[in-house]
Amino acid sequence: MTDQHSPTDHRGEFSPAPAVEVTAVSKVFNVGKTDRVDALVDVDLIVKPGEFVSLIGPSGCGKSTLLRLIADLLQPTQGLIRVNGKIAKEARIDQDYGMAFQQSGLFEWRTVSRNIELPLELKCWDKAKRRQRSAEMLDLVKLSDFAEHMPWQLSGGMQQRVAIARALAAHPKLLLMDEPFGALDEMTREHMQAELLRICEETGTTVIFVTHSIPEAVYLADRVVVMSPRPGRITKIVDVALGDHRDDATRLGTSFFDSVREVREALRQIEAAALDEQYGVSDAPAASAPRGIEDR
Amino acid sequence: MTAAVVTSPKPTTTGVAPSAGARSRRIVSMVLPPVIFGVVVVALWELWVVAADVQPYVIPKPSKIWSALVNDFSLVRAASMVTAGNAFVGLVLGAILGFLIAVATNRFKIVDEVVNPLAVTVAAIPAVVVVGVLNNMYALDSQIPRRIMVTIAVFFVVFVQVAKGLRQNDATQMELMRSYAASPRQVLLKVRLPNTLPFFFTGVRTAAPLALIIALVSEYFGGTQDGLGSKITSALNGSNKALGFAYVVGGAVAGLVLFVGAGILEYVCVPWRRRRESK
């Protein structure tokens with residue numbers, strides 16, 4: 001596992017505090033019971049400030065669990081997680097990260113603007129400052145005309161943009177996203193991916209992005225972390241050399257397809273190993289992607 | 001793809017007030033069917049009494065009930081006000097109690113185990129017993145025993161609904177609040193309570209007609225004889241069936257007023273549900 005980190009480590013860009021530092025982390029659910037699940041085993045991951053990392057893998061590989069451990073929504077059974085150089089819990093209390101889920105989780109009784117203000121309200125910001133920040137955030141996600149709308153008046157894509165604006169309202173350095181575009185149609189989804197890259201570029205935010213779409217993972221990320229299930233672990237980290245500026249043309253380029261192929265092959269190896277274990281067959285059906293992975 | 005596809009709002013009429021014509025047409029289409037139904041039922045009743053020559057001491061004609069209502073309107077109104085007043089006081093107190101105790105049960109886990117069985121037990125005590133005991137405790141002309149009875153009945157309905165609402169929380173919203181390091185009090189005020197309001201009002205709307213029935217029935221067990229319950233009994237036992245039914249109409253109207261009042265309060269307090277329910 002250590003040699004997988006070497007490409008990044010060899011760049012020699014050691015910053016004093018990584019954005020996220022996951023060291024020898026394991027997570028076991030239902031310890032001591034018959035339905036014990038090893039969700040994650042011995043996971044190491046370092047994410048540099050400003051980096052965009054996608055987590056991909058079949059369902060049950062622990063990618064969402066890893067994200068929740070980093071967010072301190074779950075506690076590791078073993079190992080240590082640091083965010084911005086702080087223990088994960090401290091980072092959560094300081095609102096060092098923002099979070100967005102597949103469901104926008106907007107509060108239906110609050111206007112768009114007041115939804116974005118909520119994390120600031122909890123931090124006891126005064127009203128004028130909150131208003132000003134939410135206007136800034138709406139500007140960032142290009143929804144300034146919808147400040148006083150109610151969530152149900154917006155389309156799914158717009159709701160997701162409000163959720164991103166809310167996640168970034170306190171200007172966190174880190175954004176944690178759990179399949180945020182999973183419920184959107186393909187066209188909206190591609191548009192949202194481009195918007196997310198623009199927002200990250202403007203704000204310099206570090207992102208950890210859980211997805212089950214290979215093209216999405218590759219298009220967005222500097223590195224794609226491929227994970228395998230039962231027990232959940234990192235099997236490969238694919239460096240995506242698409243550069244900092246990506247647009248619709250990027251999706252048609254050879255290096256895009258090269259990276260997609262590399263991720264797909266890593267995922268197929270996982271599937272082949274799983275079948276091998278189950279049936280003792282080493283020939284996996286090569287034509288299909290692993291279950292739970294979108295091969296579009 | 002163009003940005004316009006995503007940024008343009010859904011073509012929706014809900015954000016804009018519909019034209020006056022469309023609105024009045026909608027109201028007519030909402031009100032007309034029940035009105036027609038009511039008129040047909042009353043007409044059939046009248047026809048049946050006349051055609052089958054049903055004796056007035058069995059069931060009076062709607063036209064007789066109507067004239068009794070008009071002639072003795074002040075009597076019916078006075079009795080209705082007494083019973084509806086008891087129902088109203090009990091409804092308000094019961095709703096407040098049910099809400100507060102449900103919130104307290106949710107907030108402090110210990111209270112949960114004590115209050116739940118207690119609430120069920122209280123709700124299961126027969127009204128006869130409670131009113132009987134209370135009547136002995138208060139002055140003969142007191143309305144308080146009836147109000148307490150209504151309060152208990154309403155409390156249980158609202159308590160059950162609010163407790164249910166407090167338990168049903170959106171997983172994403174809860175994870176978000178945790179990611180913001182929100183305190184339990186903040187979660188309660190900013191998420192749980194707003195999420196619970198629709199449940200609370202469902203409880204109040206359900207309890208509104210119940211409050212009137214309980215207020216009316218409570219009068220059967222003694223105390224002053226100025227409410228609908230006593231008046232209906234004495235009128236029906238006497239020869240004046242039409243007046244008895246006129247009192248029943250008064251009770252129905254009072255129940256309807258309480259129910260509609262609760263609905264209006266919900267409309268005002270839970271604006272974000274308006275669109276969903278009118279859909």
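Mentor: Two strands pair if DSSP finds at least two bridges between them. Keep in mind that this is a predicted model.

Trainee: What makes strand E1 and strand E4 of chain A a pair?

Mentor: Strand E1 (residues 20-29) and strand E4 (residues 78-83) of chain A are joined over 5 bridges, in the antiparallel sense. The criterion is at least two bridges, so they count as paired. As one instance in E4(A), A:Gln78 is the bridge partner of A:Ser26.

Trainee: Why are strand E2 and strand E5 of chain A called edge strands?

Mentor: The open sheet of chain A has 4 strands in the order E2-E1-E4-E5, with antiparallel pairing. Strand E2 (37-47) and strand E5 (86-87) of chain A each pair on one side only. Helix H2 (residues 63-70) of chain A packs on this sheet and touches E1, E2 and E4 of chain A. The direction of helix H2 makes about 120° with that of E1(A).

Trainee: Why are H3(B) and H11(B) called roughly perpendicular?

Mentor: Helix H3 (residues 62-71) and helix H11 (residues 241-269) of chain B pack at an angle of about 75°, with their axes 8 Å apart. Angles of 65 to 115 degrees count as roughly perpendicular, and H3(B) and H11(B) are therefore described that way.

Trainee: Which residues make that contact?

Mentor: H3(B) contributes B:Lys64, B:Ile65, B:Ala68 and B:Leu69, while H11(B) contributes B:Ala242, B:Leu243, B:Phe245, B:Ala246 and B:Val249. By class, the contact has 8 nonpolar, no polar and 1 charged residues.

Note on methods
Residues are numbered from 1 along each chain as its sequence is written. Chains are lettered from A and ligands numbered from 1 in the order in which they are written. This is a predicted model: local features need pLDDT of at least 70, side-chain atom pairs count only at pLDDT 80 or more; totals for chains, interfaces and linings use all residues. Two residues are in contact if their C-beta atoms, placed from the backbone, lie within 7 Å. Axes are lines fitted to C-alpha atoms, for helices over the stretch in contact, and angles run from 0 to 180 degrees between N-to-C directions. Angles under 35 degrees count as roughly parallel, over 145 as roughly antiparallel, 65 to 115 as roughly perpendicular and the rest as oblique. Ala, Val, Leu, Ile, Met, Phe, Trp, Tyr, Cys and Pro count as nonpolar, Asp, Glu, Lys and Arg as charged, and the others, Gly among them, as polar.
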